[in-house]
Amino acid sequence: MSLAPPLIEASSVTQIFAASDGEPSWALKNASLAVSPGEFVCIIGPSGCGKSTLLHMIAGFLKPTEGALRFRGRPIEAPGPERGVVFQEYALFAWMTVRQNVEFGLKMRGVGKAERRDKARRFLEVVGLAKMADRYPHELSGGMRQRVAVARALVNEPEVLLMDEPFAAVDAITRATLQDELLRLWQEFRISVVFITHNIDEAIFLGQRIVVMSAHPGSIRSEVRIDLPYPRDRGSAEFAGLYAQIGAELYGKGKTA
(Lines give C-alpha, C1' and ligand atoms only; values in the text may rest on other atoms or scores of the structure.)
Protein backbone atom coordinates (compact mmCIF):
# COMPACT_ATOMS: atom_id res chain seq x y z
CA MET A 1 0.00 0.00 0.00
CA SER A 2 1.56 3.33 -1.07
CA LEU A 3 1.65 6.31 1.25
CA ALA A 4 -0.04 9.58 0.32
CA PRO A 5 2.44 12.15 -1.03
CA PRO A 6 3.39 14.95 1.38
CA LEU A 7 1.31 18.10 1.42
CA ILE A 8 4.38 20.19 2.22
CA GLU A 9 8.00 19.41 1.44
CA ALA A 10 11.03 21.43 2.51
CA SER A 11 14.19 19.95 1.01
CA SER A 12 17.59 21.03 2.41
CA VAL A 13 16.48 24.65 2.79
CA THR A 14 19.01 27.24 3.89
CA GLN A 15 18.36 30.90 4.64
CA ILE A 16 21.22 33.39 4.81
CA PHE A 17 20.69 37.05 5.68
CA ALA A 18 23.19 39.88 5.35
CA ALA A 19 24.24 41.19 8.77
CA SER A 20 24.84 44.89 9.46
CA ASP A 21 28.60 44.36 9.18
CA GLY A 22 28.18 42.75 5.77
CA GLU A 23 28.95 39.26 7.00
CA PRO A 24 26.44 36.49 6.18
CA SER A 25 24.11 35.38 8.98
CA TRP A 26 22.82 31.80 8.77
CA ALA A 27 19.21 31.69 9.99
CA LEU A 28 18.57 28.15 8.76
CA LYS A 29 20.88 25.47 7.42
CA ASN A 30 19.98 22.36 5.40
CA ALA A 31 16.56 21.87 7.01
CA SER A 32 14.29 19.20 5.54
CA LEU A 33 10.69 18.58 6.56
CA ALA A 34 7.63 16.82 5.14
CA VAL A 35 4.06 17.32 6.36
CA SER A 36 1.26 14.92 5.42
CA PRO A 37 -2.34 15.91 4.67
CA GLY A 38 -4.28 16.27 7.92
CA GLU A 39 -1.17 16.01 10.12
CA PHE A 40 -0.55 18.18 13.20
CA VAL A 41 3.17 18.97 13.41
CA CYS A 42 4.77 21.07 16.14
CA ILE A 43 8.19 22.64 15.59
CA ILE A 44 10.09 23.42 18.76
CA GLY A 45 13.50 24.94 19.35
CA PRO A 46 15.40 27.67 21.20
CA SER A 47 14.92 31.35 20.36
CA GLY A 48 16.69 32.36 17.15
CA CYS A 49 16.93 28.83 15.74
CA GLY A 50 15.00 29.64 12.56
CA LYS A 51 11.57 28.21 13.46
CA SER A 52 9.72 31.30 12.22
CA THR A 53 12.00 31.59 9.20
CA LEU A 54 11.05 28.07 8.14
CA LEU A 55 7.36 28.81 8.65
CA HIS A 56 7.59 32.04 6.65
CA MET A 57 9.23 30.17 3.79
CA ILE A 58 6.41 27.61 3.77
CA ALA A 59 3.95 30.52 3.78
CA GLY A 60 5.69 32.04 0.78
CA PHE A 61 6.83 35.22 2.54
CA LEU A 62 10.51 34.31 2.10
CA LYS A 63 12.43 32.45 -0.58
CA PRO A 64 15.23 30.16 0.57
CA THR A 65 18.82 30.97 -0.27
CA GLU A 66 19.27 27.31 -1.11
CA GLY A 67 17.00 24.30 -1.27
CA ALA A 68 13.40 23.83 -2.38
CA LEU A 69 9.91 24.14 -0.93
CA ARG A 70 6.84 22.51 -2.46
CA PHE A 71 3.13 22.41 -1.78
CA ARG A 72 1.41 19.40 -3.34
CA GLY A 73 4.50 18.92 -5.47
CA ARG A 74 4.55 22.47 -6.84
CA PRO A 75 7.20 25.05 -5.92
CA ILE A 76 6.16 27.59 -3.28
CA GLU A 77 6.86 30.98 -4.81
CA ALA A 78 4.34 33.29 -3.08
CA PRO A 79 1.65 33.31 -0.37
CA GLY A 80 -1.62 31.57 -1.23
CA PRO A 81 -5.05 31.02 0.35
CA GLU A 82 -4.39 27.29 0.66
CA ARG A 83 -1.84 28.20 3.36
CA GLY A 84 -3.50 30.14 6.18
CA VAL A 85 -1.17 31.96 8.60
CA VAL A 86 -1.79 32.91 12.24
CA PHE A 87 0.86 35.11 13.85
CA GLN A 88 1.79 35.62 17.50
CA GLU A 89 0.82 39.29 17.29
CA TYR A 90 -2.79 39.09 16.13
CA ALA A 91 -2.08 41.35 13.10
CA LEU A 92 -5.66 42.63 13.00
CA PHE A 93 -6.55 45.95 11.39
CA ALA A 94 -7.49 48.26 14.27
CA TRP A 95 -9.79 50.41 12.13
CA MET A 96 -11.83 47.44 10.90
CA THR A 97 -14.56 45.58 12.74
CA VAL A 98 -14.16 41.91 13.57
CA ARG A 99 -16.31 40.98 10.56
CA GLN A 100 -14.32 43.24 8.24
CA ASN A 101 -11.07 41.71 9.46
CA VAL A 102 -12.35 38.21 8.75
CA GLU A 103 -13.66 39.26 5.33
CA PHE A 104 -10.45 41.03 4.30
CA GLY A 105 -8.71 38.13 2.54
CA LEU A 106 -11.89 37.20 0.70
CA LYS A 107 -12.32 40.80 -0.42
CA MET A 108 -8.75 40.89 -1.77
CA ARG A 109 -9.55 37.75 -3.77
CA GLY A 110 -12.59 39.38 -5.33
CA VAL A 111 -15.27 37.41 -3.48
CA GLY A 112 -18.66 39.15 -3.58
CA LYS A 113 -20.05 41.05 -0.60
CA ALA A 114 -22.90 38.65 0.19
CA GLU A 115 -20.65 35.58 0.05
CA ARG A 116 -18.00 37.33 2.16
CA ARG A 117 -20.55 38.16 4.82
CA ASP A 118 -21.98 34.64 4.89
CA LYS A 119 -18.55 33.04 5.20
CA ALA A 120 -17.42 35.51 7.86
CA ARG A 121 -20.56 34.80 9.88
CA ARG A 122 -20.00 31.07 9.61
CA PHE A 123 -16.41 31.14 10.78
CA LEU A 124 -17.08 33.62 13.55
CA GLU A 125 -19.65 31.13 14.78
CA VAL A 126 -17.04 28.38 14.53
CA VAL A 127 -14.71 30.29 16.89
CA GLY A 128 -17.55 31.44 19.15
CA LEU A 129 -17.46 35.14 18.27
CA ALA A 130 -20.58 35.67 16.16
CA LYS A 131 -21.91 38.20 18.69
CA MET A 132 -18.70 40.23 18.43
CA ALA A 133 -18.87 40.76 14.65
CA ASP A 134 -19.38 44.53 14.88
CA ARG A 135 -16.82 45.15 17.62
CA TYR A 136 -13.33 46.52 17.01
CA PRO A 137 -10.13 44.69 18.03
CA HIS A 138 -9.43 47.04 20.96
CA GLU A 139 -12.75 46.00 22.48
CA LEU A 140 -11.71 42.34 22.65
CA SER A 141 -9.51 40.38 25.02
CA GLY A 142 -6.25 38.87 23.78
CA GLY A 143 -7.83 35.44 23.49
CA MET A 144 -10.74 36.82 21.48
CA ARG A 145 -8.41 38.65 19.13
CA GLN A 146 -6.51 35.45 18.48
CA ARG A 147 -9.79 33.67 17.74
CA VAL A 148 -10.52 36.38 15.17
CA ALA A 149 -7.10 35.74 13.62
CA VAL A 150 -7.89 32.02 13.41
CA ALA A 151 -11.31 32.75 11.83
CA ARG A 152 -9.63 35.04 9.30
CA ALA A 153 -7.29 32.21 8.32
CA LEU A 154 -10.00 29.54 8.22
CA VAL A 155 -12.45 31.60 6.16
CA ASN A 156 -10.27 31.01 3.08
CA GLU A 157 -10.71 27.26 3.66
CA PRO A 158 -6.97 26.51 3.61
CA GLU A 159 -5.45 23.05 3.45
CA VAL A 160 -2.94 23.94 6.16
CA LEU A 161 -2.76 26.37 9.07
CA LEU A 162 0.72 27.80 9.69
CA MET A 163 0.81 29.07 13.27
CA ASP A 164 3.75 31.06 14.65
CA GLU A 165 3.60 30.85 18.47
CA PRO A 166 -0.03 31.97 18.32
CA PHE A 167 -0.77 31.59 22.04
CA ALA A 168 2.45 32.99 23.49
CA ALA A 169 0.96 36.42 24.27
CA VAL A 170 -2.05 35.25 26.33
CA ASP A 171 -2.32 34.15 29.96
CA ALA A 172 -2.01 30.50 30.97
CA ILE A 173 -5.74 29.85 31.42
CA THR A 174 -6.63 31.42 28.06
CA ARG A 175 -3.76 29.53 26.44
CA ALA A 176 -5.11 26.18 27.65
CA THR A 177 -8.58 27.09 26.37
CA LEU A 178 -7.22 28.08 22.96
CA GLN A 179 -5.24 24.85 22.74
CA ASP A 180 -8.43 22.85 23.32
CA GLU A 181 -10.28 24.92 20.71
CA LEU A 182 -7.50 24.50 18.16
CA LEU A 183 -7.64 20.72 18.53
CA ARG A 184 -11.41 20.84 18.06
CA LEU A 185 -11.04 22.89 14.86
CA TRP A 186 -8.27 20.65 13.54
CA GLN A 187 -10.39 17.55 14.09
CA GLU A 188 -13.50 19.20 12.63
CA PHE A 189 -11.91 20.58 9.46
CA ARG A 190 -9.27 17.85 9.02
CA ILE A 191 -6.63 20.28 7.82
CA SER A 192 -2.90 20.13 8.40
CA VAL A 193 -1.37 22.30 11.11
CA VAL A 194 2.26 23.40 11.39
CA PHE A 195 2.61 24.95 14.84
CA ILE A 196 5.69 26.83 16.07
CA THR A 197 6.29 26.86 19.82
CA HIS A 198 9.09 26.97 22.38
CA ASN A 199 6.89 25.27 24.99
CA ILE A 200 7.44 21.50 25.39
CA ASP A 201 4.15 20.98 27.24
CA GLU A 202 2.21 22.71 24.46
CA ALA A 203 3.94 20.69 21.75
CA ILE A 204 3.15 17.35 23.42
CA PHE A 205 -0.45 18.36 24.17
CA LEU A 206 -1.13 19.36 20.55
CA GLY A 207 1.11 17.58 18.10
CA GLN A 208 1.12 14.19 16.43
CA ARG A 209 4.77 14.76 15.62
CA ILE A 210 7.31 17.11 17.19
CA VAL A 211 10.22 18.43 15.15
CA VAL A 212 13.11 19.52 17.39
CA MET A 213 15.45 22.18 16.00
CA SER A 214 19.00 22.92 17.04
CA ALA A 215 20.29 26.33 18.07
CA HIS A 216 21.49 28.96 15.58
CA PRO A 217 22.04 28.26 12.76
CA GLY A 218 18.85 26.24 12.81
CA SER A 219 18.65 22.70 11.52
CA ILE A 220 16.43 19.71 12.25
CA ARG A 221 17.91 17.84 15.21
CA SER A 222 15.32 15.09 15.63
CA GLU A 223 11.65 14.15 15.29
CA VAL A 224 9.45 12.55 17.95
CA ARG A 225 6.17 10.79 17.16
CA ILE A 226 3.48 11.39 19.81
CA ASP A 227 1.15 8.39 19.95
CA LEU A 228 -0.90 9.45 22.98
CA PRO A 229 -4.67 9.55 22.31
CA TYR A 230 -6.61 12.81 22.40
CA PRO A 231 -7.56 14.45 24.71
CA ARG A 232 -4.16 14.18 26.39
CA ASP A 233 -3.57 14.04 30.13
CA ARG A 234 -0.77 16.36 31.16
CA GLY A 235 -0.51 14.55 34.49
CA SER A 236 0.09 11.08 33.05
CA ALA A 237 3.36 9.18 33.30
CA GLU A 238 3.48 8.87 29.51
CA PHE A 239 3.22 12.66 29.13
CA ALA A 240 6.01 13.16 31.68
CA GLY A 241 8.21 10.65 29.88
CA LEU A 242 7.77 12.45 26.57
CA TYR A 243 8.49 15.77 28.28
CA ALA A 244 11.80 14.40 29.57
CA GLN A 245 12.68 12.90 26.18
CA ILE A 246 12.02 16.10 24.24
CA GLY A 247 13.73 18.19 26.89
CA ALA A 248 16.83 16.04 26.52
CA GLU A 249 16.71 16.45 22.74
CA LEU A 250 16.17 20.19 23.00
CA TYR A 251 18.67 21.09 25.71
CA GLY A 252 21.24 18.37 25.30
CA LYS A 253 21.61 14.77 26.39
CA GLY A 254 20.87 14.24 30.07
CA LYS A 255 19.15 17.60 30.53
CA THR A 256 15.45 18.34 30.87
CA ALA A 257 13.49 21.58 30.97
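## Helix α5

Helix α5 (residues 172-189) has 18 residues, which should span 26 Å at 1.5 Å a residue, and its end C-alpha atoms agree with this, being 26 Å apart. The expected span here is 1.5 Å times one less than the number of residues in the helix. Helices (H or I, at least four residues) and strands (E, at least two) are DSSP runs, numbered from the N terminus. A word on the source: this is a predicted model, in which local features need pLDDT of at least 70 and side-chain atom pairs count only at pLDDT 80 or more, while totals for chains, interfaces and linings use all residues. Residues are numbered from 1 along each chain as its sequence is written, and side-chain values use heavy atoms, leaving out hydrogens and water.

At the start of α5, the backbone nitrogen of I173 has a side-chain oxygen of D171 within 3.1 Å. Just after the helix, R190 takes a positive phi of about 55 degrees. The buried residues of α5 are R175, L178, Q179, E181, L182, L183, L185 and W186; buried means under 20% relative accessible area, exposed over 50%, and partly exposed in between (1.4 Å probe, protein chains only). They pack against β3, α3 (113-126), α4, β7 (160-164), β8 (192-197) and α6, where contact means heavy atoms within 4.5 Å.

## Nonpolar cores

Which residues have the most contacts inside the largest nonpolar core? They are F40, F195 and I210, in a core of 52 residues. Helix α4 (residues 142-154) gives the most to this core, with six residues. A nonpolar core is a set of buried Ala, Val, Leu, Ile, Met, Phe, Trp, Tyr and Cys residues joined through side-chain atoms within 4.5 Å.

Leaving aside residues up to four places away in sequence, F195 touches F40, V41, C42, I43, M163, P166, F167, L182, E202 and L206. There is also a second, separate core of 26 residues, and L54, L162, V194 and M213 are among them.

## Helix α7

Helix α7 (residues 237-251) has 15 residues and reaches 21 Å from its first C-alpha to its last, close to the 21 Å expected. Its buried residues are F239, L242, I246, G247 and L250. Seen down the axis of α7, these buried residues fall within an arc of 135 degrees, so they line one face of the helix; the arc is that of the directions from the helix axis to the C-beta atoms.

What covers the buried residues of α7 includes β3 (40-44), α6 (200-206), β9 (209-213) and β10 (220-225). Just after α7, G252 takes a positive phi of about 115 degrees.

## Aromatic pairs

Rings of Phe, Tyr and Trp (its six-membered ring) pair if their centres lie within 6.5 Å; planes under 30 degrees apart count as stacked, over 60 as edge-to-face and the rest as tilted. By this rule there are eight aromatic pairs. The rings of F61 and F87 are stacked, because their centres are 6.1 Å apart and their planes at 20 degrees. F61 counts as partly exposed at 40% relative accessibility, and F87 counts as partly exposed at 27%.

One aromatic cluster is formed by F40, F167, W186, F195 and Y230.

## Backbone details

The peptide bond from Y230 to P231 is cis, with omega near -10 degrees, and P231 is found in the loop between β10 and α7. E165, in the loop between β7 and α5, has a positive phi of about 45 degrees although it is not a glycine. At 14% relative accessibility, E165 counts as buried.

Key:
Polar contact = N/O pair within 3.5 Å; in protein donor to acceptor, adjacent residues only side chain to side chain.
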